[in-house]
Amino acid sequence: MTINDRIKYIRKEKGMSQKQLSEHLGLTQGGVSYLEQPSSAVSDQTIKTLCIVFGVREDWLRDGTGEIFQEEETFSLDQFVQEHGGTELELKILKTYFELDPAIRRAVLDHFRNAFGKTAEQQKNSPSTEQLEEEYKKSVLDGASTTAATASNTTSDTVDAVNE
C-alpha cells in the first residue's frame with residue numbers, strides 16, 4: 001500500500017468524499033484526487049495536516065508501519081493521586097465528590113468560591129470572627145433591653161388604664 005493508497009483509505013475510513021476531505025485539508029477536490037493517484041507526490045505539509053486533523057500516526061501514513069491512529073491519552077485519577085503523594089483517603093474524597101449530585105457539587109463550589117474568591121483587600125476589610133461575635137452579642141443584648149422596656153411600658157400603660 002502506497003502513501004496515496006493510505007490517504008484514500010483514511011478518507012474512506014472517515015466516510016468522506018474527496019470534496020469533504022479537500023475542505024479539511026485546504027485543498028481543492030482535484031488536489032485530493034491527485035493525492036490519491038499512485039506515485040503522486042505528497043507534501044510534508046499535507047502529511048502533517050492529515051495527521052493532526054484525523055489523528056493519524058505519521059509513521060503509518062508515510063511508511064505503513066505501526067498503528068493507523070494515535071492512541072488517545074488517558075488520565076488515571078488513581079495514578080495521579082499516587083504520583084502526587086496522595087493518600088487512599090484523599091483519593092476516596094475526590095471520587096466521592098464526583099459521585100455527588102451536580103447541584104450539590106455546584107453548591108460546594110459556590111461556597112469555596114465565596115470563601116477563597118475574596119481579594120486580600122476585601123479580607124483585610126472584612127470583620128474578624130471575634131468582631132462578628134461581639135456585634136451579635138451586642139445586638140442580642142440591645143434586643144433584650146428593648147424587649148424589657150417595651151414590656152415595662154406595656155405593664156405601666158395597663159396599670160394606668162385600670163386605675164382610670
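**Salt bridges and a buried asparagine in a predicted model**

Biologist: Which side chain meets that of R62 in a salt bridge of 3.0 Å, N to O?

Modeller: In this predicted model, local features need pLDDT of at least 70 and side-chain atom pairs pLDDT 80 or more, while totals for chains, interfaces and linings use all residues. Residues are numbered from 1 along each chain as its sequence is written, and side-chain values use heavy atoms, without hydrogens and water. A salt bridge places a side-chain nitrogen of Lys or Arg within 4 Å of a carboxyl oxygen of Asp or Glu. At 3.0 Å, N to O, the partner of R62 is D44.

Biologist: How many residues apart in sequence are the parts that R62 and D44 tie together?

Modeller: Helices are DSSP runs (H or I, at least four residues), numbered from the N terminus. R62 lies in helix α5 and D44 in helix α4, so the pair ties together parts separated in sequence by 18 residues.

Biologist: Is N4 buried or exposed?

Modeller: Buried means under 20% relative accessible area, exposed over 50%, and partly exposed in between (1.4 Å probe, protein chains only). N4 is placed in helix α1, residues 3-13. Because its relative accessibility is 3%, N4 counts as buried.

Key: Helices (H or I, at least four residues) and strands (E, at least two) are DSSP runs, numbered from the N terminus.
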